[in-house]
Amino acid sequence: MTVRQPESELILIDRAQQGSVDAFEKLVFKYQDGLYRFLLARAHNRADAEDALQEAFVAAYRYLPSYRPRYRFSTWLFTIAIRQLGRLSKRQPTPEEISETVSCERPGPEQLGIQAEQEHSIWRTARATLGDAQFTAMWLFYVEDMTVAEVGAAIKRPVSWVKVNLMRSRQRLGRALQLDNSEHSATVTEVAL
Amino acid sequence: MNKESLQQLLRSAPDTRVSVSARQHQDIMREVRLSNATRKQPSTGWTIPAWGAGMAATAMAVFYMAQAPQLTPIPAVPEKTGSSWAALEQKLAALPQEAAIPETELEKELERLKSDLARFGIKS
């Protein structure tokens with residue numbers, strides 16, 4: 001079984017499978033931003049996201065000869081990245097990462113501005129509301145435009161689980177957003193008074 | 001918030017300003033190039049099914065069994081032990097009587113060792 005995948009991409013994959021680093025670099029250019037955004041949203045800190053991104057591409061290059069177009073290349077790549085992130089999050093944080101986390105707890109004026117802008121971001125709420133697997137399923141489905149089967153393959157869950165959890169996550173997120181909005185409007189009213 | 005507006009929001013929300021820097025990209029590609037040596041070799045694209053491997057193993061086993069030397073079959077009726085004992089007794093009786101008895105030789109060796117020890121002043 002093959003999947004919808006642009007021919008140019010299949011050529012690049014084929015060349016990279018033969019060992020062309022240049023062809024693989026073109027694939028990295030194509031997917032690096034999307035993968036980085038996902039990892040930043042999913043990881044507990046920026047360092048983990050950056051490490052997972054690098055290790056995912058290295059692992060993808062190393063195991064590229066075993067890739068078969070049963071699923072899209074992006075599905076395969078995200079599966080590797082999720083595994084790398086899982087492996088990184090199991091290790092103990094280094095002292096630098098702890099200090100980074102501590103410093104993040106007291107943001108400066110610039111960070112406060114960015115934070116305020118992002119506070120009502122739907123994906124930030126989703127990250128705070130949903131579990132790892134549910135968040136990943138939602139991101140892959142809505143942002144990466146994967147099918148339910150592809151999401152299931154990427155997170156190693158059956159299609160039925162993906163369908164049910166997409167629906168439940170949407171409901172939970174909808175409730176959380178309404179709560180967020182009501183809290184936000186209450187704060188605005190208090191300030192006005 | 002209805003389902004459609006939520007879905008619309010989910011599809012449009014991710015911050016597209018976030019991107020991988022040139023330095024990060026260079027780091028990735030440097031690691032990729034370094035990993036080139038340890039890269040898994042391309043596979044041939046075909047695989048052997050389990051039943052095929054099983055058949056090959058059976059064929060090899062049959063072939064080697066046919067090549068193996070034939071073993072002497074065990075006699076169905078065991079020999080009488082009485083006759084074996086008698087034959088052994090006769091063989092022992094035929095051994096030359098003048099052959100050195102091992103115990104005597106050992107005693108002589110022990111005596112030689114004792115005298116050597118005494119010569120060097122070592123008490124046994």
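In this predicted model, helix α4 (residues 73-90) of chain A packs against helix α9 (residues 148-155) of chain A at an angle of about 30°, with the axes 8 Å apart. Helices here are DSSP runs (H or I, at least four residues), numbered from the N terminus; axes are lines fitted to C-alpha atoms over the stretch in contact, with angles from 0 to 180 degrees between N-to-C directions. The crossing is right-handed, i.e. the near helix is turned clockwise from the far one by less than a right angle.

On the α4(A) side, A:Thr75, A:Thr79 and A:Ile82 meet A:Glu150, A:Ala153, A:Ala154 and A:Ile155 of α9(A) (contact: heavy atoms within 4.5 Å). By class, that makes four nonpolar, two polar and one charged residues, with Ala, Val, Leu, Ile, Met, Phe, Trp, Tyr, Cys and Pro taken as nonpolar, Asp, Glu, Lys and Arg as charged, and the others, Gly among them, as polar.

Both helices also turn up in the second largest pocket, each supplying at least two lining residues. α4(A) gives the most, with five. The lining, which includes A:Tyr67, A:Trp76, A:Arg83 and A:Lys156, splits into six nonpolar, two polar and four charged residues. Domain 1 (1-92) and domain 2 (112-193) of chain A both contribute to the lining, so the pocket lies between them; the domain bounds come from an automatic or database assignment. A pocket is an open set of points on a 1 Å grid over the protein atoms alone, where a 1.4 Å probe fits, with protein on both sides within 12 Å along at least five of seven lines; lining residues have an atom within 4 Å of a point.

Residues are numbered from 1 along each chain as its sequence is written, and chains are lettered from A and ligands numbered from 1 in the order written. Local features need pLDDT of at least 70 and side-chain atom pairs 80 or more, while totals for chains, interfaces and linings use all residues, and side-chain values use heavy atoms, leaving out hydrogens and water.
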